[in-house]
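Entries follow in the order I looked things up.

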Amino acid sequence: MIFLRLYWEFFVVGCFSVGGGMATVPFLFDLSTRTGWFTAADLASMIAISEATPGPIGINMATYVGTHSAGYFGGLVATLGEITPSIVVILIVASILSKICSSMQFLSVLPKIYF
């Protein structure tokens with residue numbers, strides 16, 4: 001049950017924390033008060049570690065919280081929850097751009113026919 005909760009909590013963080021990794025900090029502070037998975041001191045440590053390690057801050061913090069609360073598999077689940085909204089948005093935009101590009105190719109042939 002902890003894995004489903006980790007996934008859902010970080011899915012919500014991934015959906016609504018637009019603007020970079022530091023935008024996840026208020027969500028994580030709220031998460032710490034609601035769940036008790038980590039303290040405010042742990043959050044400060046997470047920010048310091050996430051700044052020091054390579055990679056996106058939000059992903060590093062999701063991995064840290066998941067690993068801290070449910071082991072290595074928890075880190076994987078929290079990270080997947082964090083990136084799922086971005087993947088869904090990328091797939092939607094790619095689908096729309098693909099349709100636009102295919103219609104643009106049709107439009108580029110029209111002037112050759114009439115001129």
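The model is predicted.

**Entry: pocket**

I looked up the largest pocket. About 220 Å³ of space lies in it. I listed its lining and got 16 residues. G14, S17, I59, E82 and S86 lie nearest the centre of the largest pocket.

Which helix gives the most to the lining of the largest pocket? I found helix 4, with 6 residues. Helix 4 spans 57-114, and both helix 1 and helix 4 supply at least two lining residues each. I then sorted the lining by residue class: 7 nonpolar, 8 polar and 1 charged.

**Entry: aromatic rings**

I turned to the rings. A pair of aromatic rings is described by the distance of the centres and the angle of the planes. My search of the whole structure returned 3 aromatic pairs. One of them is Y7 with F11, a stacked pair at 6.2 Å centre to centre and 20 degrees between the planes.

I checked where these two sit. Both Y7 and F11 lie in helix 1 (residues 2-16), 4 residues apart, about one turn of the helix. Why is the pair of W8 and F11 stacked? I read 25 degrees between their planes, with ring centres 5.8 Å apart, so the pair counts as stacked; the cut-off for stacking is under 30 degrees. W8 and F11 are 3 residues apart in helix 1, about one helical turn.

I noted that Y7, W8 and F11 form one aromatic cluster.

I asked for relative accessibility last. Y7 came out at 29%, partly exposed. F11 is at 22%, also partly exposed.

How values were computed: Residues are numbered from 1 along each chain as its sequence is written. This is a predicted model: local features need pLDDT of at least 70, side-chain atom pairs count only at pLDDT 80 or more; totals for chains, interfaces and linings use all residues. Side-chain values use heavy atoms; hydrogens and water are left out. Rings of Phe, Tyr and Trp (its six-membered ring) pair if their centres lie within 6.5 Å; planes under 30 degrees apart count as stacked, over 60 as edge-to-face and the rest as tilted. Buried means under 20% relative accessible area, exposed over 50%, partly exposed in between (1.4 Å probe, protein chains only). On a 1 Å grid over the protein atoms alone, a cavity is a set of points where a 1.4 Å probe fits but cannot get out, and a pocket is an open set with protein on both sides within 12 Å along at least five of seven lines; lining residues have an atom within 4 Å of a point. Grid points are joined across faces, edges and corners, and a volume is the space filled by probe spheres set on the points. Ala, Val, Leu, Ile, Met, Phe, Trp, Tyr, Cys and Pro count as nonpolar, Asp, Glu, Lys and Arg as charged, and the others, Gly among them, as polar.
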